[in-house]
Amino acid sequence: MSLDNYLHDRNEAETALSGAEREKFEKWVSSILSDPKSIAATIEDALKSGMFSEWESESINHKFRLGSYYPSMVEKCLRAQAYSYLFPEPPTAEELAIFAEGKAIHELIALALRRSGLISVEGSEVSVDLEFSNEAKLHGRIDDLLLIRIDKAGEKFKLFVPLEIKSASTLPDEPRQSHYYQLSTYLLAQDYPLGVLLYWAKREGRVKAFTIVKDDVMRAVLRERVFELHEALKSGGLPQKEASVTRDYGQCERCSYLERCNPYLIDSIPANSKVSLFDLDSVVLDTSQKRRAIIQDLGLSPSSRPSDIHDDELKKKYWEMLDSPKYVEFDLPAPQAPDKVYEQLKLGRVPIGISSSRRDNLLEATRARLANLGIPIFQLILREHGNYDTDGKFKTRWASRLGINYDVVEIFDRDAVTSSLIMKSAQAKRTQTVEK
Ligand code: SF4
């Protein structure tokens, strides 16, 4: 007689158990009841361990072999991909939950599609290889391979459609690029004319499907990425810090290898140097002439100010012109700007220019303009594409990033509050880094 039976059918147990056994069970139950929380904790632990072993068994199929790369990763920063193959890390609790949730949603969708009677699911986790040479390929698995029967103008067709399922917190307006790359790999590998990316919004309880048509141009794009990664790994090296080089710092912020990679170390400035931050548009450059030139080119009265533009089209045009490298040549030095920069250089500090209002497509033009004006600031931090931080947040975030490798000793900004926030942020990071 087990404890299960005893608790399940006490009447039967009454007769099956001796008095001593019953007493033993009762004692055992009361010892459990003296610490009831332990049962909840046991279930939590069991769930975590079960989820981890499910992830582990999947990972066994994902053991890295030089030359075989994952389509789900191929769009990511090349350096991050290399790290993930060379230094795989166990998943965080959040990643584990995402993995388990994704798996459950996948099973649910396959079941629902089968039940519909309209579509048949011909295979799940279908293995595919897209080979680029005899030593490099993308190897992945299609979530589901669907067979759709189409009845058109009296003719019946059957179409195989790979389906890739993604769970998301909200539905995207467009397919995510990494998912597009992944599905494109499957289409090219098996020569399917099209596939479907299906997003499942967990919180909203909605789904959205996108048809992706096979695009042969993608073969060259994928090949180039795979070869760059493969050649680096084959030679025992690492590919470029792609996200950092392309200033996709949002990717770095989310990267599990941020510390190992150190993407904020600037090649031209040795670690531990003393640096001074200059706000470009309030301290270093006078942009008034540039703004006047744009107003004039828009055909407005020279006395107009940007805030006087009420027409939406014209306003849009104004901002586009402000983002154009063509107008950077109208930037002039702000009063005493060169002196301030030279003074910092004399003190052995490296001047770094920062601007939250200048987009990074103006990087080269701004650098050239500063050189023409004789202002020796060669390292610039401008607002990268897709960054919508406020001015204060943009600068404090960058000060903190710089604090990882440098000693930020002085800030030149339009207002004292921002300067003090930036300084605090840089110093806090510096202290944290030095103490490590
Ligand atoms: S930190 Fe940035 S550059 Fe470095 S590996 Fe990660 S994403 Fe790539």
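Start with the crossing of α7 and α8, which is left-handed; that label applies if the near helix is turned anticlockwise from the far one by less than a right angle, while clockwise gives right-handed. Select residues 177-190 for α7 and 217-234 for α8. Helices here are DSSP runs (H or I, at least four residues), numbered from the N terminus. The two axes come within 10 Å and cross at roughly 115°, with axes being lines fitted to C-alpha atoms over the stretch in contact and angles running from 0 to 180 degrees between N-to-C directions. That is why α7 and α8 count as roughly perpendicular (under 35 degrees is roughly parallel, over 145 roughly antiparallel, 65 to 115 roughly perpendicular, the rest oblique).

Before going on, bear in mind that this is a predicted model: local features need pLDDT of at least 70, side-chain atom pairs count only at pLDDT 80 or more, and totals for chains, interfaces and linings use all residues. Numbering runs from 1 along each chain as its sequence is written.

Now show side chains. Tyr181, Ser184, Thr185 and Leu188 of α7 meet Met218, Arg219 and Leu222 of α8; contact means C-beta atoms, placed from the backbone, within 7 Å. By class, this contact has four nonpolar, two polar and one charged residues (Ala, Val, Leu, Ile, Met, Phe, Trp, Tyr, Cys and Pro are nonpolar, Asp, Glu, Lys and Arg charged, and the others, Gly among them, polar).

Pick Leu78, Gln81 and Ala82 on α5, then Arg225, Glu228, Leu229, Ala232 and Leu233 on α8.

Next, the ligand. Which residues are closest to the ligand? Cys77, Ala243, Cys252, Cys255 and Cys261, out of 15 that surround it (near means a C-beta atom, placed from the backbone, within 6 Å). The shell divides into 10 nonpolar, two polar and three charged residues.

Jump to α17 (391-403) and α18 (416-435), whose axes come within 7 Å and cross at roughly 25°. That makes the pair roughly parallel, and the crossing is right-handed. Among the contact residues are Gly392, Lys395 and Ala399 of α17, and Leu421, Ile422 and Arg430 of α18. Here the classes come to five nonpolar, eight polar and three charged.

Finally, zoom out and colour by domain: domain 1 (3-60), domain 2 (68-242), domain 3 (264-287 + 331-435) and domain 4 (290-328), with bounds from an automatic or database domain assignment. The centres of domain 1 and domain 3, taken over C-alpha atoms, are 62 Å apart.

Note on methods. Helix = DSSP H or I, 4+ residues; strand = E, 2+ residues; numbered from the N terminus. Contact = placed C-beta atoms within 7 Å.
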